[in-house]
Amino acid sequence: MIRGSCVTAYLTKGLPSDTHDQGKKSSMSPRGDMNMESDNKNHDEFCSVLSKLRSGMPEEGSYDSVYVVQDGIFSFVNPHFAETGGYTEKEMLGMESVRLILPEDRKKARENALKMLTGERTLPYAFRIVAKDGSLKWIQETVHSITYKGKRAVLGNSMDITAQREATAKLEELQALQNSILDALPIAMLGMRARRIVLANPAVEAVFGWKPEELIGRGTRVLYRSDEDHEKIGKSVYRALQKQRTFKMEFPCRRKGGKNIICMLSVARVGESLQDNRIIATYEDITERKRAEKALEESERTLKALLRSYQK
């Protein structure tokens with residue numbers, strides 16, 4: 001699995017000298033400067049020191065990618081860091097770290113890194129990098145001031161959060177699609193669990209006179225004329241949905257304010273069974289249609305009666 005990288009250390013280039021000193025006091029580097037002047041330290045020794053440093057950091061997940069940047073150039077990278085960008089360690093050493101950051105994210109990344117180096121920020125921050133193959137990846141990073149081989153530098157460690165970001169984006173996209181569908185429906189739609197309303201679309205106001213936010217959290221009793229009607233519709237619906245996935249019927253309902261209406265009720269269970277008593281229901285106000293049908297029937301009866309009288 002490709003791990004994260006951290007690249008905003010390019011900001012140390014041109015920093016005032018007191019920024020490094022302030023970094024020693026940052027709550028993100030509780031041990032102050034780390035002296036790593038020995039050129040003979042290998043990666044295992046270096047990562048051991050990093051592990052000790054990270055033990056005092058507030059972090060989420062595993063920050064396995066590490067680097068050191070001096071004057072905007074990578075002077076140390078570990079394998080996880082190189083792998084995230086699709087490079088080898090050799091390719092990254094001597095590279096300008098700013099090259100990895102997506103241009104439109106550079107300004108914000110710089111601001112966040114400076115705040116962390118001076119102790120104004122303690123939480124990790126995220127930005128996008130451009131991998132060697134041109135793909136974009138989301139990185140969550142922390143940075144700290146250190147001394148490396150006798151010179152001031154920035155130590156960074158990070159993790160790849162691309163999968164989490166993509167999952168969040170897909171969830172938001174689905175949520176937006178769901179909201180669009182709900183908004184576009186001309187009939188009232190309600191989501192219910194154990195006869196309590198958990199979802200309502202804008203059309204409920206046209207049918208029942210209630211705003212969606214007024215219905216969410218309330219029991220379904222508010223939609224019917226009486227306790228008897230509420231009990232009757234519940235038995236009919238849940239008995240039918242025990243045997244089939246959908247059910248449809250006409251039933252008297254009541255609007256906010258007490259006006260009685262007739263609705264065409266269509267329901268479907270959520271899932272393969274009613275174990276959680278979750279259903280989706282749509283209500284179409286057919287009051288005027290029923291009145292028109294009744295008036296037509298009465299007109300037909302009157303006409304037939306007149307015809308019979310005329311024939312006599």
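Colleague: Which element gives the most to the lining of the largest cavity?

Modeller: In this predicted model, H9 gives the most to that lining, with 4 residues. The elements that give two or more residues to the lining of the largest cavity are helix H9 (227-243), E10 and strand E11 (278-285).

Colleague: How many cavities of 30 Å³ or more does the structure hold, and how much space lies in the largest cavity?

Modeller: The structure holds 3 cavities of 30 Å³ or more, and about 90 Å³ of space lies in the largest cavity.

Colleague: Which residues lie nearest the centre of the largest cavity, and what is its lining by class?

Modeller: The lining is made up of 13 residues, of which Met192, Arg195, Tyr224, Ile279 and Tyr283 lie nearest the centre. By class, the lining has 10 nonpolar, 2 polar and 1 charged residues.

Colleague: Turning to Arg269, where does this residue lie, and is Arg269 buried or exposed?

Modeller: Arg269 lies in strand E10, which covers residues 260-269. Buried means under 20% relative accessible area, and because the value for Arg269 is 14%, this residue counts as buried.

Colleague: What does Arg269 touch, leaving aside residues up to four places away in sequence, and which backbone oxygen lies 3.2 Å from a polar atom of its side chain?

Modeller: With those sequence neighbours not counted, Arg269 touches Leu241, Gln242, Lys243, Gln244, Arg245, Leu274, Arg278 and Ile279. The backbone oxygen is that of Gln244, which lies 3.2 Å from a polar atom of the Arg269 side chain. Ile279, one of the residues that Arg269 touches, is also among those nearest the centre of the largest cavity.

Technical notes: Residues numbered from 1 in each chain as written. Predicted model: local features only at pLDDT ≥ 70, side-chain atom pairs only at ≥ 80, totals over all residues. Heavy atoms only, no water. Buried < 20%, exposed > 50% of the residue type's maximum accessible area, 1.4 Å probe, protein only. Polar contact = N/O pair within 3.5 Å; in protein donor to acceptor, adjacent residues only side chain to side chain. Contact = heavy atoms within 4.5 Å. 1 Å grid on protein atoms, 1.4 Å probe; cavity = no way out; pocket = protein on both sides within 12 Å on 5 of 7 lines; lining within 4 Å. Points joined across faces, edges and corners; volume = space filled by probe spheres on them. Nonpolar A, V, L, I, M, F, W, Y, C, P; charged D, E, K, R; others polar.
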